[in-house]
Amino acid sequence: TSSAEVKENRNVGNLEERSIVTGDRQPFCYTDIPRGGTSGLKRKRPLEGNNGHLCKLQLIYKKLSWSVTPKNALVQLNELKPGLQYKMVSQTGPVHAPVFSISVEVNGLTFEGKGPTKKKAKMKAAELALKSFVQFPNASQAHFAMGNLSNPSTDFTSDQADFPDTLFKEFEPSAHSDNYPCYRPSENELISSAYRHGRLLRHTLDLMVQAKQNKHKMAALADCEKNPVVLLNELRPGLRYICLSEAVERQHIKSFVMAVRVDGETFEGSGRSKKLAKAQAAQTALQALFNIRLAPEGKKSHTNRCPHLPQEFADSVFQLVTEKFRELTDSCTSLHARHKVLAGIVMTRGLDIRQAQVIALSTGTKCINGEYISDQGLVVNDCHAEIVVRRAFIRFLYSQLELLLSKQREDWEQSIFIRHKEAGYRLRENILFHMYISTSPCGDARLNSPYEITSHLHSGKHIVKKFHGHLRTKIESGEGTVPVRGHSAVQTWDGVMQGEQLVTMSCTDKIARWNVLGIQGSLLSYFIEPIYLHSFIVGSLHHTGHFSRTVSHRVQHIGQLPVSYKQNQPLFSGLSSTESRQPGKSPCFSVNWTAGDTGLEVINTTTGKKKDSGSSSRLCKLTLFTRWAKLYDKLSMQVPSHGEMPVMYCKAKLAAGTYQTVKQQLFKSLQEAGLGTWIKKPPEQGHFLLPV
């Protein structure tokens, strides 16, 4: 006989004096073993019963040609992922002491190992790949894949960054115990191999019924106790989580923010530990992608979640805004149609997109030059698209209130406002407003948003990105923001006139303010309840989880608010396909439109006035103040008495008592949180009177 046949026969002979341990831990011996404990090759008993399973077992063992040496990481990885290709990356170091680098790709991730020889480098790459399996949260599948049935519930979602080398020992059979009567230490390697191939044997032989039952029990247990991380990994295997933020809050309590990328979208979660943050990120992904909501485990904080708007609805809002803008710019020059940032507000009845209506549009990215500020309320200071569209929206609210002054019943029914049962007016039921912005608003939402998350999720580096959240101000006549400085919270008129830069708060901070005070402003709060945006849709450079934190969660410790005011928690969404950004410098103009207007108005962002005529804009303070005064005269009998109508702009705003109280409460909350002081414009800007 050939040497190969001799070796095969010897292996088979060794197998005949071993036992296979079944799932119920009772040995099944198919040869005689001497009572004295010495081993020897005995005459085989005739096969009886079991439908010839023993014969099948012997044939399978022959085909496997099992080795008596322990399996290294390279072999184990090849069993789990056959056909992997190892690539030579580089060779460095001197000739007498080279360092080889070899990589292997597993589950879409690349693992690189280094060593003094190619073999050791290859082994190191395999070890790193194997460790990646246990870093993923699907513990049961990892154990079954490795052939280990003894500990399927190991927690692989630990905050521990590095796993010890002893991890691989969990996949080896345990030391000699009473559970294995037929086991001898000299047979460790063979039983180790057999144990790791238990999955194959269970499907081939009917000798491990109890093990199968245990497996089903564990699967059922996993179904009823699955956390979001486990469930998400079963739906999308091979996910990797990264730590975006690790902050210390009050009383030295840590807070973590974890992120995971699924199907091209990034989802976040936060918590007191990385494990809780991962679970929250997974829950957000499950709800957004699969509409799966798991029952909460204990009490969870709802203020840290980032609720997502349905993707189809978000895309529809984007389409409505862009189509309306194209319609309005068809008659304009190509220059005025050009923009860096486009913003729009859409009104819906519930989330029924069929009844959606675009009610305000704007473009723009710059602010007024300090030398052009007005003490007569004739200019628009901030021409960023998000701010201009809000002013256009306020014009829409005035037009809706003016419908109530009509004597025609049809006009009353057309208005979005109805009489409040106590006093004043409120929105009709189910009226919602959604803001679309073509890119993240300037400030912290854009500056500290982890856009590079795609590349980081596929790298082996552990990333900790500190969450800042500080207030920021815009640059005069330019783009970008800087952190608020420690100077006075109020700018001076003479300082600005002498060349001091005019400071304007960032769009991110203003949106955060709207989420507490409402988008209607102080003057309209005389007549109506606060109005909050239901959702934000961002086209590019967005990260919805971070956006949510900057505009909502920074003020979560504001405290108790008066009736009708709240800490708004809007929905957030990106687009299924990122909007292309127009190249080139930002134009020095801003356009605006409100439902009912015949066309666009173009504002020179440097002067804050109309570009063509140089006259005041329909969005300036004086124009809106005049419309407010007319409503005050007509609606004074239908709203709570505010006394005699103020004729000075700043006094009219200060007379909105509840609104001003909430505003000061907001500013104090931001300051106590260490996020900076809200900077105010020179007070002289509001010292103008109503025209006679």
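## Ground rules

Residues are numbered from 1 along each chain as its sequence is written, and side-chain values use heavy atoms, without hydrogens or water. In this predicted model, local features need pLDDT of at least 70, side-chain atom pairs count only at pLDDT 80 or more, and totals for chains, interfaces and linings use all residues.

Helices (H or I, at least four residues) and strands (E, at least two) are DSSP runs, numbered from the N terminus. Strands pair if DSSP finds at least two bridges between them.

An open sheet holds 3 strands in the order 17-16-18, with antiparallel pairing. Its edge strands are strand 17 (481-483) and strand 18 (504-505), and each pairs on one side only.

Strand 16 (residues 472-474) joins strand 17 through 3 bridges. Here T473 stands opposite V482.

A second open sheet has 8 strands in the order 20-19-15-9-10-21-22-23, and its pairing is mixed. Strand 20 (571-573) and strand 23 (609-610) form the edges.

I603 has K610 as its bridge partner.

## Two crossing helices

The axes (lines fitted to C-alpha atoms over the stretch in contact) of helix 18 (residues 507-517) and helix 20 (residues 544-551) come within 8 Å. They cross at roughly 65 degrees, on a scale from 0 to 180 degrees between N-to-C directions. The two helices are therefore roughly perpendicular (65 to 115 degrees).

Contact means heavy atoms within 4.5 Å. Helix 18 contributes T508, I511, A512 and N515, while helix 20 contributes F547, T550 and V551.

How values were computed
Parallel < 35°, antiparallel > 145°, perpendicular 65-115°, else oblique.
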